[in-house]
Amino acid sequence: DTEVTQTPKHLVMGMTNKKSLKCEQHMGHRAMYWYKQKAKKPPELMFVYSYEKLSINESVPSRFSPECPNSSLLNLHLHALQPEDSALYLCASSQEVSRPQHFGDGTRLSIL
Amino acid sequence: AQSVTQLGSHVSVSEGALVLLRCNYSSSVPPYLFWYVQYPNQGLQLLLKYTTGATLVKGINGFEAEFKKSETSFHLTKPSAHMSDAAEYFCAVSRADSYQKVTFGTGTKLQVIP
């Protein structure tokens, strides 16, 4: 079991659907991250939320939108995704930015 | 700018043999270096890290790595491979002042042959 919990573990959605991925940690970490990982590739950073400030990788399309309801939750809202968005989406957290990150087990997303 | 190069996308070793996974980095400032392991259908788990201080760092599951500044390397080793070590291993580099500079290598898949 990991200390970063992601739900759901698997998600299949159509291109017109709206869904959300959830991530939760109770380690008191102040930074949380979303990564996208395609098969046989390293994780690619999408978003970082740290000290109530959101930072975005500018290459991430606007159909992905993060939301941080509180310091232990980081959601990723999905809308009008494309087939190429199918991937493993990993959430991570760390005490401070640049410190080692603790990863969840990911949500495997498939876009039909 | 910073980058990480992992030599060998696939490494095969016999059970009980030495494991050596290679990582070279490039960084314009003193780096933080990490090794992560990823088992199928799971997230990444931190094996070990180097920030400052002792250049030989020990991690979980019997792994260790040595930071060699002169060679810009941070190779991962384990004296005796176990079947449960079969997984994907990622080397990563970051810098103290910016999370946006976390960079992962392309990964090395370790196969352990019985």
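**View 1. B:Cys91 is a buried residue with a relative accessible area of 0%.** Here, buried means under 20% relative accessible area, exposed over 50% and partly exposed in between (1.4 Å probe, protein chains only). B:Cys23 counts as buried too, with its relative accessibility at 0%. This is a predicted model, where local features need pLDDT of at least 70, side-chain atom pairs count only at pLDDT 80 or more, and totals for chains, interfaces and linings use all residues. Residues are numbered from 1 along each chain as written, chains are lettered from A and ligands numbered from 1 in written order, and side-chain values use heavy atoms, without hydrogens or water.

**View 2. B:Cys23 and B:Cys91 are joined by a disulfide, S to S 2.0 Å.** A disulfide is a pair of cysteine sulfur atoms within 2.5 Å. The link between B:Cys23 and B:Cys91 is left-handed, with -65° about the S-S bond. B:Cys23 sits in strand β3 (residues 19-27) of chain B and B:Cys91 in strand β9 (residues 87-95), so this pair ties together parts that are 68 residues apart in sequence. Strands (E, at least two residues) and helices (H or I, at least four) are DSSP runs, numbered from the N terminus.

**View 3. Over in chain A, a disulfide joins A:Cys23 to A:Cys91, S to S 1.8 Å.** Its torsion about the S-S bond is about -75°, so the disulfide of A:Cys23 and A:Cys91 is left-handed. A:Cys23 belongs to strand β3 (residues 18-25) of chain A and A:Cys91 to strand β9 (residues 87-94), so they tie together parts 68 residues apart in sequence. Both A:Cys23 and A:Cys91 are buried. Across all chains, the structure holds two disulfides.

**View 4. A:Asn75 is buried, with a relative accessible area of 6%.** You'll find A:Asn75 in strand β8 (residues 73-79) of chain A. Leaving out residues up to four places away in sequence, A:Asn75 touches several residues, including A:Cys23, A:Trp34 and A:Pro66. Contact means heavy atoms within 4.5 Å.

**View 5. The peptide bond from A:Thr7 to A:Pro8 is cis, with omega near -10°.** A:Pro8 is in the loop between β1 (4-7) and β2 (10-13) of chain A.

**View 6. A:Ala80 isn't a glycine, yet it has a positive phi of about 55°.** Look for A:Ala80 in the loop between β8 and β9 of chain A. A:Ala80 is partly exposed, with a relative accessible area of 29%.

**View 7. B:Thr72 has a positive phi of about 45°, although it isn't a glycine.** B:Thr72 is in the loop between β7 (64-68) and β8 (73-78) of chain B. At 31% relative accessibility, B:Thr72 is partly exposed.
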